[in-house]
Amino acid sequence: MLQGPDRRETAKIMGAVALAASFTPSLLRRGRREQALVSAGAVVLGVGAGAITEVVVVRLAARLDSEAQARLAIAGVGGLATLAELPRSRSNLVAAGATAARVAGIGALLGGLAPVRERREPVDRIALAGGIGLVAAGAWAWKRTDPRRRRPRMRAYPPPGGRFLATVSGGQGSAIPRSDLDFEGTRFLGTAVPAADIAALLGDPSPLAVQDPVRVFVGVRCAPTVAERARLAVDELERLGGMERARVVVCSATLRGYVNPVPLDAEEVLSRGDVASVCVQYWDRPTLAMPFKVPVARDTHRALLEELRERVAAREPDRRPEIVVYGESLGAWASQEVFKEGGTQALDAAGVSRALWAGTPFFSGLGRAMAKGRVPSDERVGIVSTRELLDADPAQARALRFTFLDRRVDPVVLFSGLDLLWRRPDWLDERLEDEGIAPGLRWIPGITFLQVVFDLLRATRWTSDLPQAAAHDYRVELPLAVNVALGHHLDRAAARALADRLIEREVARGERLKALRRGLPDPGT
């Protein structure tokens, strides 16, 4: 049996290199705890990669009868893989193999500078296992510090003044009692903008030209099946006169039924109340398995659109409301699943006149498929960045009907999953380097994956009631997006002023909820 050279402390050197790399910039700024967890995870990855590399070096050196030749051979393979840009291959197998060769090549070269290792393998294995355990425990503890966990739970949203508008579901004669709804359902109904507020927000001295909007929400406990919930929703729309409005906005909610109130506020104000909004809930409890709820969310959205299309088709042509779709985050993903095979043809077939999707998760893929012509698309489709929207209305604003709104540094939009471990993402060139965003960000195998995972967690932890034009919070830009994407085209200065007033309204809502959760008197809005 061939005897190889003594092993070197490659694992320690690679761990140190990974630790240093963990401090490089990523999409978002990290707090101390996040940085500590990223660094700990990076050290574990570095030590593991170094240990595996050293095993390969020792075994190859035994065959070649030369440690130096073994290290050079491994480094050469890694160098060739890098020069050939194989880590960017579309094949996961090729990309993963090339990245492993690249990391091993670096480890082999660095290991040549390391001292010979003392023989204490059991101790090292225990230390590595302990490090993995510490990272897992730290991540769990960090998650437990989410400020939302410490907020007193409210079973229902308290509408301003203690009364809901007569034009929202759940009132007298409704088949959807509000007692069957949770906080998100009652929030959807309780944040409808009254006609008087619409007039005030528009600066219109004549409130006679506006009306109270219609809103309908069907909770997951209101009926046993998706089809029955969709039917209930459209029945309630008809009962409240929602089908007589110029437009019906079909909302695709996030996990627990949350629909961002800011874009609905904007639509109700810009439409002067001549609009109805409807949402059907598909899940009402917290869960870590969010992506696994996309199928039921998709089926719910499809059932509601199909029921609505049939009812609209049965009406006289001059009494048919325009159907508009809105979705954000997981809701955008679920909504797009309905149209992913047919693109604009599927949207037209569903009777959808306009759509606005904000912060679509990477896993949806509909926007990319349309942009690359893999599904039917045309000039009505646009991918608009928040950055350009804040600067000016898009050049194609008048033609837009189906709009994807995203932020260039939103981790939810960019995170592609485990392949970030071994593949350099395209967005590093397309979105960041070309536009000068997040300077200094570089892809480092394994490390970038850890950084973006924690960016993702941070982006979706809304710890502030203050809207911010950052990460996965689109509240600041959404009034401008509604103005453009849903065809209102209010002049730029007036739209900016209205957006500011709507954000003030959102801040006041947040402050009110904060006070009520603390048991303080209702400050009103």
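**Figure 1. Arg215, a buried residue in a predicted model.** Arg215 is buried, with a relative accessible area of 0%. The model shown here and in the views below is predicted. Why does Arg215 count as buried? Its relative accessibility is 0%, and buried means under 20%, so Arg215 falls in that class. Arg215 sits in strand β1, which covers residues 214-218. The side chain of Arg215 has a polar contact of 2.9 Å with the side chain of Thr191. A polar contact of 2.7 Å links the side chains of Arg215 and Glu268.

**Figure 2. The salt bridge between Arg215 and Glu268.** Side chains of opposite charge can pair when their charged atoms come close. Arg215 and Glu268 form a salt bridge, and their closest N and O atoms are 2.7 Å apart. This pair links distant parts of the chain. Arg215 belongs to strand β1 and Glu268 to helix α10, 53 residues apart. Is Glu268 buried or exposed? Glu268 counts as buried, because its relative accessibility is 0%.

**Figure 3. The salt bridge between Asp197 and Arg505.** How many salt bridges does the structure hold? The structure holds 37. In one of them, the side chains of Asp197 and Arg505 meet, with 3.2 Å from N to O. Here too, distant parts of the chain are linked. Asp197 lies in helix α8 (residues 195-202), while Arg505 lies in helix α20. The two are 308 residues apart. Asp197 is partly exposed, because its relative accessible area is 27%.

Figure 4. The side chains of Asp378 and Arg380 meet in a salt bridge of 2.9 Å, N to O. Asp378 has a relative accessibility of 26%, so Asp378 counts as partly exposed. Which residues do salt bridges with shared partners join into one network? The members are Asp197, Arg215, Asp265, Glu268, Asp473, Arg475, Arg505, Glu506 and Arg509.

Figure 5. Rolling a probe the size of a water molecule over the atoms shows where empty space is left. How many cavities of 30 Å³ or more are counted? The count is four. The largest cavity has a volume of about 50 Å³. Which residues line the largest cavity? They are Val249, Pro263, Leu264, Glu267, Tyr326, Leu356, Val482 and Leu486. Helix α10, spanning residues 261-270, gives the most to this lining, with three residues. By class, the lining has seven nonpolar residues, one charged residue and no polar ones.

**Figure 6. Strand β4 and its two partners.** Strand β4 covers residues 322-328. Val249 has Val324 as its bridge partner in β4. Strand β5 (residues 352-358) also pairs with β4 in the parallel sense, over six bridges. In β5, Arg354 is the bridge partner of Val324.

**Figure 7. Two residues with positive phi.** Most residues other than glycine have a negative phi. Arg272 is not a glycine, yet its phi is positive, about 55°. Where is Arg272 found? Arg272 is in the loop between α10 and β3 (275-280). Arg272 is partly exposed, because its relative accessible area is 33%. His489 is also a residue other than glycine, and its phi is positive, near 55°. The loop between α19 (478-485) and α20 (492-517) holds His489.

**Figure 8. Asp65, an exposed loop residue.** Asp65 lies in the loop between α2 (32-64) and α3 (67-83). Why does Asp65 count as exposed? Its relative accessible area is 70%, and exposed means over 50%, so Asp65 falls in that class. Asp65 and Pro5 are 60 residues apart along the chain. The C-alpha atoms of Asp65 and Pro5 are separated by 8.7 Å.

Key. Residues numbered from 1 in each chain as written. Predicted model: local features only at pLDDT ≥ 70, side-chain atom pairs only at ≥ 80, totals over all residues. Heavy atoms only, no water. 1 Å grid on protein atoms, 1.4 Å probe; cavity = no way out; pocket = protein on both sides within 12 Å on 5 of 7 lines; lining within 4 Å. Points joined across faces, edges and corners; volume = space filled by probe spheres on them. Helix = DSSP H or I, 4+ residues; strand = E, 2+ residues; numbered from the N terminus. Nonpolar A, V, L, I, M, F, W, Y, C, P; charged D, E, K, R; others polar. Buried < 20%, exposed > 50% of the residue type's maximum accessible area, 1.4 Å probe, protein only. Pairing = 2+ DSSP bridges. Polar contact = N/O pair within 3.5 Å; in protein donor to acceptor, adjacent residues only side chain to side chain. Salt bridge = Lys/Arg side-chain N within 4 Å of Asp/Glu carboxyl O.
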